[in-house]
Amino acid sequence: MGSASPGGPRIVVIGAGAAGLATALAAARLGAAVTVLERDHPASGSSGLSAGIFNRQTPDALEQELRCFSVARLAELEPAGLRLVRSGYVRVAARAEDMERLADAARREHALGVPEARLLDRAGLARLVPGMACDDLAGGLFCPSDGHLDGHELCTAYAALGAELGVELRPRTTLEGATVRAGGVELATSAGPLRCDVVVNAAGAWAEQVAALLGTRAPLATQRHEVCVAHLPAPLAPPLPVINTYVPGSAAAALYLRPESPERVLCGLHTYAAHGAAVTDPDGYARSVEHATVEALAEELLARMPGWTDVRLEPGWAGLYPVSADGRFQVGPHRDAPRVVTVAGLGGVGLTVSAAVGQLAAEWAVLGEARAFAFADALLPDRPSLAPRSTP
């Protein structure tokens, strides 16, 4: 593709994580002149601290459509240097009712162009992952073409393709203030003033602070999540797929395993329920893993993988999940500030859905309407479920 049209709108994206860079690329493809401001460097936030899992196995129909769209687009980034490790991904179900939800998800996946996704009963799950304790499980939903990637590589690929279309990336540039008028947006940055037609808030865990500078809201309950590393004494045979025993909607923390190499596995305990107090300052949270987390994970790991007695478990790092109060993503313009488009609340699936939310945000910013997804209005940031609660 050629460079952006000189007559296209001027778009400034705040944040060079996966969602921001995907938005920039999509906006450039739609003919906009795009600048990305990043106060640090690309993938320096949650995108670079993710476990890097991509998958389409979710019981949420709306989110599943976004995931299927996005994973198809991720494959287009491989020539730009992105490595998609298709190790396979299985979402495990503990109860019969969970299997029913996964059966619905499998039918939708097939309709969305992923025919290889298939349900596994308990015996099939045991064959897929020899040595995993399955007596308390009902089965799972497995897709062999899902797997894992590196967040830094994803952001680099988005940035490289964007640069070919004229996207300008400005690292080490901080947004300090903004004036949003009917005729355009004036931004005050650490590198000087900048004017644009539309500004996109894709600041991840910092989206609330950026929203305040833009005169809008992006209410988040940002959670801290920890990743550990399991070192195996010998390569597993067969190779391990990504395993997630968490079913969306559950309040209990559940084990996930993500192969990094034949003898190294990233792992953690995952839930979207409250992990203690929400992080209010994304600059002030501890990135080290707590000892109590390692102990709890070791106990869960040994129970689920009883043969892993010689595994050495060590702390990894902590990252942030910016989660909306109602659990839905925030993507789109603000009713009272249509020149401000927000992309926020992507939780722990920002890498997976980045291409989809980037496309949607770019359509709102450049075209003034959503075209790729019929349900786009359900993600608007001014929806009633995100409205501030009145005090008695």
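# Questions on a predicted model

Me: In this predicted model, how close do the axes of helix α5 and α8 come, and at what angle do they cross?
Reply: Helix α5 covers residues 151-164, and α8 covers 350-367. The axes of the two helices come within 11 Å, and their crossing angle is roughly 15°.

Me: Which term describes the relative direction of α5 and α8?
Reply: The axes of α5 and α8 cross at roughly 15°. Angles under 35 degrees count as roughly parallel. The two helices, α5 and α8, are therefore roughly parallel to each other.

Me: Is the crossing of α5 and α8 left-handed or right-handed, and which residues of α8 take part in the contact?
Reply: The crossing of α5 and α8 is left-handed. On the α5 side the contact involves Gly151, Leu154 and Tyr158. In α8 they meet Leu351, Ser354 and Ala355.

Me: In what order do the 6 strands of the open sheet lie, and which are the edge strands?
Reply: The sheet is open, its pairing is mixed, and its order is β8-β2-β1-β12-β19-β18. Two strands pair on one side only. These edge strands are β8 (168-170) and β18 (330-334).

Me: What is the average twist from one strand to the next in this sheet?
Reply: The sheet in question is the open one with the order β8-β2-β1-β12-β19-β18. From one strand to the next, its twist averages 20°.

Me: How many aromatic pairs does a search of the whole structure find, and which residues do ring pairs link into a cluster?
Reply: The search of the whole structure finds 2 aromatic pairs. Ring pairs link into a cluster the residues Phe69, Phe373 and Phe375.

Me: What is the geometry of the rings of Phe69 and Phe373?
Reply: The ring centres of Phe69 and Phe373 are 5.1 Å apart, and their planes stand at 70°. Planes over 60 degrees apart count as edge-to-face. The pair of Phe69 and Phe373 is therefore edge-to-face.

Me: How many residues apart in sequence are the parts that Phe69 and Phe373 tie together?
Reply: Phe69 belongs to helix α2 (residues 61-74), whereas Phe373 is in the segment after α8. Phe69 is partly exposed at 22% relative accessible area, while Phe373 is buried at 3%. The pair ties together parts whose separation in sequence is 304 residues.

Me: Is Leu66 buried or exposed, and with which residues is it in contact beyond its neighbours within four places in sequence?
Reply: Leu66 lies in helix α2. Its relative accessibility is 0%, so Leu66 counts as buried. Leaving aside neighbours within four places in sequence, Leu66 is in contact with Phe329, Val353, Ala356, Phe373, Phe375 and Leu379.

Me: How many bridges join β15 to strand β16, and how many residues does the hairpin between them pass through?
Reply: Strand β15 (residues 254-261) has 6 of its 8 residues buried, so it is largely enclosed by the rest of the structure. Strand β16 (residues 264-270) runs antiparallel to β15, and Ser261 has Arg264 as its bridge partner in β16. The bridges from β15 to β16 number 7, and the hairpin joining them passes through 2 residues.

Me: Where does a cis peptide bond occur, and what is its omega?
Reply: Most peptide bonds are trans. Pro238, in the loop between β13 (223-231) and β14, is joined to Ala237 by a cis bond. The omega of this bond is about 0°.

Me: What phi do Ala43 and Arg172 have?
Reply: Most residues other than glycine have a negative phi. Ala43, in the loop between β2 and β3 (53-54), is buried at 4% relative accessible area. Arg172, in the loop between β8 and β9 (175-181), counts as exposed at 60% relative accessibility. The phi is positive in each case: about 65° for Ala43 and about 55° for Arg172.

Note on methods:
Residues are numbered from 1 along each chain as its sequence is written. This is a predicted model: local features need pLDDT of at least 70, side-chain atom pairs count only at pLDDT 80 or more; totals for chains, interfaces and linings use all residues. Side-chain values use heavy atoms; hydrogens and water are left out. Two strands pair if DSSP finds at least two bridges between them. Helices (H or I, at least four residues) and strands (E, at least two) are DSSP runs, numbered from the N terminus. Axes are lines fitted to C-alpha atoms, for helices over the stretch in contact, and angles run from 0 to 180 degrees between N-to-C directions. Rings of Phe, Tyr and Trp (its six-membered ring) pair if their centres lie within 6.5 Å; planes under 30 degrees apart count as stacked, over 60 as edge-to-face and the rest as tilted. Buried means under 20% relative accessible area, exposed over 50%, partly exposed in between (1.4 Å probe, protein chains only). Angles under 35 degrees count as roughly parallel, over 145 as roughly antiparallel, 65 to 115 as roughly perpendicular and the rest as oblique. A crossing is left-handed if the near helix is turned anticlockwise from the far one by less than a right angle, and right-handed if clockwise. Contact means heavy atoms within 4.5 Å.
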